[in-house]
Amino acid sequence: PAKPPPNFVLVINVTPPGPGKAGDNLHFEIGVASRTGKFPADAVGTLEVFDPEERILTSDVQAETDGKVLIYTFDLSPRYLGKSRFSFKGTGADAAGKPAADVLWVTLKDYVNKSLQ
């Protein structure tokens, strides 16, 4: 049988530093939409930052919501884009109503224009 679609979908927006802004950090806004319109209490977004060789930071990111989407925002220097990633974990139910867990992750550099890396 075909695998059911995930309970959650990520929408990623990256904003480069603008004129008059200090530093070179990129601003990430990651929205998480729920297929069911509901979010579990255990939903968590995690940022993992790597230098070229190893992980230097793991941190949960506080979410805001507009009632329909969980929104995770953070800034990151382009020099840490190589292996750094964001992941979202949450529980839900599959098409048969049985408990299921979703883990979605993205490597951040894949969503940044090469001229900004």
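## Leucine 10 and its sheet

In strand β2, leucine 10 has valine 32 as its bridge partner. Strands here are DSSP runs of E with at least two residues, numbered from the N terminus. This is a predicted model, in which local features need pLDDT of at least 70 and side-chain atom pairs count only at pLDDT 80 or more, while totals for chains, interfaces and linings use all residues. Residues are numbered from 1 along each chain as its sequence is written, and side-chain values use heavy atoms, with hydrogens and water left out.

β1 and β2 run antiparallel and are joined by 8 bridges; two strands count as paired if DSSP finds at least two bridges between them. They belong to an open sheet of 4 strands, ordered β1-β2-β6-β5, with antiparallel pairing. The edges are held by β1 and β5 (63-65), and each has a single partner strand, so one side of each is left without a neighbour in the sheet. From one strand to the next, the twist averages 25 degrees, taking axes as lines fitted to C-alpha atoms and angles from 0 to 180 degrees between N-to-C directions.

## Serine 34, in strand β2

Let's follow β2 (residues 26-34) to serine 34, which lies in this strand. Serine 34 is buried, at a relative accessible area of 13%. (Buried means under 20% relative accessible area, exposed over 50%, and partly exposed in between, with a 1.4 Å probe and protein chains only.)

A polar atom of the serine 34 side chain sits 2.6 Å from the backbone oxygen of lysine 38. Beyond its neighbours within four places in sequence, serine 34 is in contact (heavy atoms within 4.5 Å) with Asn7, Phe8 and Phe39.

## The nonpolar core

Now for the inside. The largest nonpolar core has 21 residues, and those with the most contacts inside it are Phe28, Phe74, Phe86, Phe88 and Leu108. At least two residues of this core come from each of β1 (8-15), β2, β3, β6 (69-76), β7 (85-93) and β8 (99-107). Such a core is a set of buried Ala, Val, Leu, Ile, Met, Phe, Trp, Tyr and Cys residues joined through side-chain atoms within 4.5 Å.

Not counting residues up to four places away in sequence, phenylalanine 28 touches several residues, including Tyr72, Phe74, Leu81 and Leu108.

Why is strand β3 (residues 44-50) described as largely enclosed by the rest of the structure? Because 6 of its 7 residues are buried.

A hairpin of 4 residues joins β3 to β4. β3 and β4 (residues 55-61) pair in the antiparallel sense over 6 bridges, and phenylalanine 50 has arginine 55 as its bridge partner in β4.

Conventions:
A polar contact is a pair of N or O atoms within 3.5 Å; within protein, one must be able to donate a hydrogen and the other to accept it, and residues adjacent in sequence count only if both atoms are side-chain atoms.
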